[in-house]
Amino acid sequence: MSDLPNREKWLRNFSRCRNWEEKYLYIIELGKRLPLLPLGTRTTNYLISGCQSKVWIVMHTNDNGDVKFYGDSDAAIVKGLIAIIFILYQGLTLNEIIKLDINLFFHEISLIKHLTPYRSQGLEAIVKNIRTQAISLL
């Protein structure tokens, strides 16, 4: 998945950050590594409603059923949050993506309590949209 680390490496790097300022900087750095949106997908069809920032999420599957994610946002921290979501979904099947409760993971690492309510709502909207896209790809 592009330049994004796998889940274990991400967790290791995230846990090495000494404080939340460093963690936010790492999250922003991850956002810079997102694969570019495919041409013609920066449209309202892929725009996520419920986010304060503009967010686009695109999912594709290949003939083997492998899922490829693309995302972008006009906010640096949100791009990083998208990258984390993609890291968590990396290598999963569509059914596994639908079933995975990412919110539990975000609570475990205390990320939810360090986000504004608008960002938390936006994060939930992104996850809900990904589940909806996964269902439509089944």
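**From single residues to the interior**

Guide: Lys 68 is found in strand β2, and this is a predicted model, as should be kept in mind throughout.

Visitor: At what angle do helix α1 and helix α2 pack?
Guide: The contact is made by Trp 10, Asn 13, Phe 14 and Arg 16 of α1 together with Trp 20, Glu 22, Lys 23, Tyr 26, Ile 27 and Leu 30 of α2. These residues divide into six nonpolar, one polar and three charged. Helix α1 covers residues 7–16 and helix α2 covers residues 20–31; their axes are 8 Å apart, and the packing angle is about 145 degrees.

Visitor: How many residues of α3 are buried?
Guide: α3 has 14 residues and reaches 20 Å from its first C-alpha to its last, close to the 20 Å expected at 1.5 Å a residue. Its buried residues include Ile 77, Val 78, Gly 80 and Leu 81, as well as Phe 86 and Tyr 89. Just after this helix, Gly 91 takes a positive phi of about 80 degrees. α3 is mostly covered, its count of buried residues being twelve.

Visitor: What is the phi of Ser 110, a residue other than glycine?
Guide: Most residues other than glycine have a negative phi. Ser 110 has its place in the loop between α5 and α6, where it is partly exposed, with a relative accessible area of 25%. Its phi is positive, near 65 degrees.

Visitor: How far apart are the end C-alpha atoms of α6?
Guide: α6 has 21 residues, and at 1.5 Å a residue they should span 30 Å. The computed separation agrees with that expectation, so the end C-alpha atoms of α6 are apart by 30 Å.

Visitor: Which elements do the buried residues of α6 pack against?
Guide: The buried residues of α6 are Gly 122, Leu 123, Ala 125, Ile 126, Val 127, Ile 130, Gln 133 and Ala 134. An α-helix has 3.6 residues a turn, so residues three or four places apart point the same way. The elements that the buried residues of α6 pack against are β1, β2, α3, α4 and α5.

Visitor: Which residues is Arg 119 in contact with, leaving aside its neighbours within four places in sequence?
Guide: Arg 119 has its place in helix α6 and is partly exposed, with a relative accessible area of 28%. Arg 119 and Val 78 are 41 residues apart in sequence, yet 7.8 Å apart in space, C-alpha to C-alpha. With the sequence neighbours set aside, the contacts of Arg 119 are Ala 75, Ile 77, Val 78 and Leu 81.

Visitor: Which element gives the most to the lining of the largest cavity?
Guide: The count comes to one cavity of 30 Å³ or more, and the largest cavity has a volume of about 90 Å³. Its lining is made up of Cys 51, Gln 52, Ser 53, Val 55, Val 78, Leu 81, Tyr 118, Arg 119, Gly 122, Leu 123 and Ile 126, and the elements that give two or more residues to that lining are α3 and α6. By class, the lining has seven nonpolar, three polar and one charged residues. With five residues, the element that gives the most is α6.

Technical notes:
Residues numbered from 1 in each chain as written. Predicted model: local features only at pLDDT ≥ 70, side-chain atom pairs only at ≥ 80, totals over all residues. Heavy atoms only, no water. 1 Å grid on protein atoms, 1.4 Å probe; cavity = no way out; pocket = protein on both sides within 12 Å on 5 of 7 lines; lining within 4 Å. Points joined across faces, edges and corners; volume = space filled by probe spheres on them. Helix = DSSP H or I, 4+ residues; strand = E, 2+ residues; numbered from the N terminus. Nonpolar A, V, L, I, M, F, W, Y, C, P; charged D, E, K, R; others polar. Expected span 1.5 Å × (residues − 1). Buried < 20%, exposed > 50% of the residue type's maximum accessible area, 1.4 Å probe, protein only. Contact = heavy atoms within 4.5 Å. Axes fitted to C-alpha atoms, helices over the stretch in contact; angles between N-to-C directions.
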